[in-house]
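Please open the structure in your viewer and keep the selection tool at hand. The tour goes from one selection to the next, with a short account of what is found at each stop.

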Amino acid sequence: MSSNTTTSIASNFLNDLKTQTADSHKKLEELPVSMSIMSPEMKIEDYTYYLGLMHDVHNDTEGYIFPFFSNLIDDLEQRRKKHLIENDLLFLNSNKTNTEKVFQTDGISPAFALGILYVVEGSTLGGRFILKNVSKVLQLSEEEGVSYFNGYGEKTGSFWKSFLGFLSEYEQEHNCGKEIIEGAVFAFDSIYKHFDRK
């Protein structure tokens with residue numbers, strides 16, 4: 001198989017993944033909790049609440065999803081973000097005392113887990129846009145209270161590209177595109193339920 005054919009198969013899969021998760025992604029972004037941190041009137045309470053919810057997401061991801069890929073993704077340890085959220089909450093004098101489960105991960109396959117990881121890693125890319133908004137709040141700055149949304153800093157784009165490279169190769173090697181997409185939709189829907197608590 002030529003490298004051009006391989007590249008086009010990979011990009012077809014990534015397009016399918018994006019297309020088939022678009023509705024779930026949009027639904028999550030339109031939730032009041034999600035919209036609150038992009039609002040020009042964002043309050044520190046909204047920000048702190050959002051960070052607390054994302055702490056649960058990363059707690060599950062690092063506890064249950066990362067182990068699937070500990071020997072497969074070279075820079076996996078650099079992708080941990082729970083401690084960044086904890087640092088930001090500490091700066092905001094907010095103490096998160098309870099952790100809630102977001103993903104039901106019993107018996108899932110590595111491909112399904114990779115779909116979940118795709119969503120969580122993708123949120124880092126979106127975090128750079130959120131950073132521009134939250135940095136306008138007086139108590140927050142590029143240095144303090146925003147380490148989570150700062151993501152991988154200037155390396156955010158290259159980290160995302162390298163993750164997509166791994167994702168594409170894994171899908172081609174294991175022919176598991178359907179399962180990865182199912183995992184990604186599940187992740188968006190699980191985060192939606194976690195965010196949409198009355």
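In this predicted model, begin by selecting helix 5, residues 110-134, together with helix 7, residues 177-195, whose axes come within 6 Å of each other and cross at roughly 50°. The two helices are therefore oblique to each other, and helix 5 passes helix 7 in a right-handed crossing. To see where they meet, show the side chains of the contact, among them Ala111, Phe112 and Leu114 in helix 5 and Ile180, Phe186 and Ile191 in helix 7. The residues of this contact divide into 12 nonpolar, 2 polar and 2 charged.

Next, select Arg79, which lies in the loop between helix 3 (44-65) and helix 4 (82-91). Is Arg79 buried or exposed? Arg79 has a relative accessible area of 3%, and because buried means under 20%, this residue counts as buried. If residues up to four places away in sequence are left aside, Arg79 touches Phe66, Ile73, Glu121, Tyr152, Phe159, Ser162 and Phe163.

Now turn to the aromatic rings, of which the whole structure holds 13 pairs. Select Phe103 and Phe186, whose ring centres are 6.3 Å apart and whose planes stand at 45°, so the pair is tilted. Phe103 lies in the loop between helix 4 and helix 5, while Phe186 is in helix 7, so this pair ties together parts that are 83 residues apart in sequence. Phe103 is buried, with a relative accessible area of 1%, whereas Phe186 is partly exposed at 22%.

Finally, select Tyr47, Tyr50, Tyr148, Phe149 and Phe195, which form one aromatic cluster. Within this selection, both Tyr148 and Phe149 are buried.

Methods. Residues numbered from 1 in each chain as written. Predicted model: local features only at pLDDT ≥ 70, side-chain atom pairs only at ≥ 80, totals over all residues. Heavy atoms only, no water. Axes fitted to C-alpha atoms, helices over the stretch in contact; angles between N-to-C directions. Helix = DSSP H or I, 4+ residues; strand = E, 2+ residues; numbered from the N terminus. Parallel < 35°, antiparallel > 145°, perpendicular 65-115°, else oblique. Left-handed = near helix turned anticlockwise from the far one by under 90°. Contact = heavy atoms within 4.5 Å. Nonpolar A, V, L, I, M, F, W, Y, C, P; charged D, E, K, R; others polar. Buried < 20%, exposed > 50% of the residue type's maximum accessible area, 1.4 Å probe, protein only. Phe/Tyr/Trp six-rings, centres within 6.5 Å; stacked < 30°, edge-to-face > 60°.
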